[in-house]
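Let's take a friendly walk through one protein, going from the whole chain down to single side chains. Please keep the sequence and the 3D view open while you read.

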Amino acid sequence: ASCVSANATCCETPEGAENPACSWGGDSNITVCPHSCNGDGACYFASALATTIDIASYSCNGENACHSIDMGVPESSCNGAAACHFNTGEVGEGSCNGEYACYHNTGSLSNNTCSGDVACMANVATIGEGSCYGDGSCAMKQSNVGVNSCIGSSSCYFNHGAVDDFACSGKNACLFQHGDIGKYSCSGEEACYWNAGDISEDSCSGELACAHNSGDISNKACVGDAACFFNSGRIAEEACVGKLACYLNDVAIIAGECVGDYACSP
């Protein structure tokens with residue numbers, strides 16, 4: 001299927017297609033013009049067979065839109081339930097919004113993209129401002145994601161707490177965590193993995209810094225690899241700074257205490 005002419009505003013639906021809006025199988029070259037192919041099954045491609053796919057802006061909107069494509073998505077396109085399912089290309093601004101949008105997406109995301117139930121599930125790309133909001137967004141995440149947050153492979157997979165700006169950066173950084181995360185916190189591989197406490201700003205930086213933590217952590221605390229690993233006590237400001245500083249701690253730590261590697265570890 002192709003555009004009727006260079007200036008066309010619609011596309012032909014291939015004869016015998018089960019879906020009403022531009023579903024393709026084995027075409028080697030596919031072009032979708034602006035404001036085209038909008039409806040259920042919009043631009044559902046068999047990407048293994050379609051070698052060249054070109055989608056214009058404001059096109060291919062509808063349920064299962066742009067399923068399995070391996071190309072970039074332009075602005076305001078491919079919006080609908082299961083939109084951009086298994087997409088591997090860059091997603092433009094205002095695109096790929098809907099239930100299960102960007103499921104298993106591996107391309108970079110622009111602003112206001114991939115919003116909806118379970119949006120960005122298993123996403124491994126950077127999340128732009130205003131993106132991946134909705135129940136289960138960002139790999140089954142249940143709360144809002146701030147600006148430039150949840151960056152890294154499975155960084156917020158099954159996260160259930162609110163993530164503020166510039167937080168949860170690193171592979172599995174907030175994987176399975178249930179607390180609220182403040183700005184610039186939980187940076188590092190598995191930094192807040194399985195965390196259950198609320199974490200304030202600029203805290204829990206380092207590999208496994210607050211993994212399996214269940215205590216509340218104040219600002220600029222628990223900084224260092226495994227600094228508060230398996231901690232269950234409340235940590236005050238600027239406390240527990242250093243490698244394994246408060247490892248296995250189960251008591252309250254006052255401000256500025258336990259500074260240095262292994263400072264308050266058993």
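A contact, in this report, means heavy atoms within 4.5 Å of each other. Among the contacts in the protein with a separation of 6 or more, residues 24 or more positions apart account for 6%.

Before we go on, here is how to read the values. This is a predicted model, in which local features need pLDDT of at least 70, side-chain atom pairs count only at pLDDT 80 or more, and totals for chains, interfaces and linings use all residues. Residues are numbered from 1 along each chain as its sequence is written, and side-chain values use heavy atoms, with hydrogens and water left out.

**The overall picture**

Helices (H or I, at least four residues) and strands (E, at least two) are DSSP runs, numbered from the N terminus. A residue is called buried under 20% relative accessible area, exposed over 50%, and partly exposed in between (1.4 Å probe, protein chains only). Of the 266 residues, 50% are buried. Accessible areas come from the Shrake-Rupley method with a 1.4 Å probe, and for residues only the protein chains shown count as cover. The protein exposes about 10,900 Å², with carbon and sulfur atoms supplying 47% of this area.

**How confident is the model?**

The predictor's confidence in each residue is its pLDDT, from 0 to 100. The mean for the protein is 75, and 58% of the residues reach 70 or more. Confidence is lowest in helix 1, at a mean of 53, and highest in strand 2 (residues 52–55), at 68. Over residues 1–10 the pLDDT stays under 50, and the model has 24 contacts beyond four places in sequence for them. Residues 16–20 are also below 50, with six contacts in the model beyond near neighbours in sequence.

**The nonpolar cores**

A nonpolar core is a set of buried Ala, Val, Leu, Ile, Met, Phe, Trp, Tyr and Cys residues joined through side-chain atoms within 4.5 Å. In soluble globular proteins, nonpolar side chains tend to be buried together. Here the largest core has 26 residues, and Cys168, Cys186, Cys204, Cys222, Ile235 and Cys240 touch the most other members. Apart from it lies another core, of 12 residues, among them Val32, Cys37, Cys43 and Val73.

Which residues does Cys222 contact, leaving aside its neighbours within four places in sequence? Its partners include Ser203, Cys204, Ala209, Cys210, Ile235 and Cys240. Ser203 is found in the segment after helix 1 (137–140). Ser203 is buried, with a relative accessible area of 0%. Beyond four places in sequence, the contacts of Ser203 include Tyr184, Cys186, Ile217 and Cys222.

**Disulfides**

A disulfide is a pair of cysteine sulfur atoms within 2.5 Å. The structure holds six disulfides, and the table shows some of them.

| Disulfide | S to S distance | S-S torsion |
|---|---|---|
| Cys168 and Cys174 | 1.9 Å | about -85° |
| Cys204 and Cys210 | 1.9 Å | -80° |
| Cys222 and Cys228 | 1.9 Å | -80° |

The torsion of the Cys168 and Cys174 link makes this disulfide left-handed. The link of Cys204 and Cys210 is left-handed, and so is that of Cys222 and Cys228. Cys204 is buried at 0% relative accessible area, Cys210 is buried at 0%, and both Cys222 and Cys228 are buried.

**Aromatic pairs**

A pair of aromatic rings is described by the distance of the centres and the angle of the planes. Rings of Phe, Tyr and Trp (its six-membered ring) pair if their centres lie within 6.5 Å; planes under 30 degrees apart count as stacked, over 60 as edge-to-face and the rest as tilted. The structure holds five such pairs. One of them, Phe176 and Trp194, is stacked, at 5.0 Å centre to centre and 15° between the planes. Phe176 is partly exposed, at 24%, and Trp194 is partly exposed, at 40%. Phe229 and Tyr247 are also stacked, at 5.9 Å and 20°. Is Phe229 buried or exposed? Phe229 is buried, with a relative accessible area of 17%, whereas Tyr247 is partly exposed, at 28%. Phe176, Tyr193 and Trp194 form one aromatic cluster.
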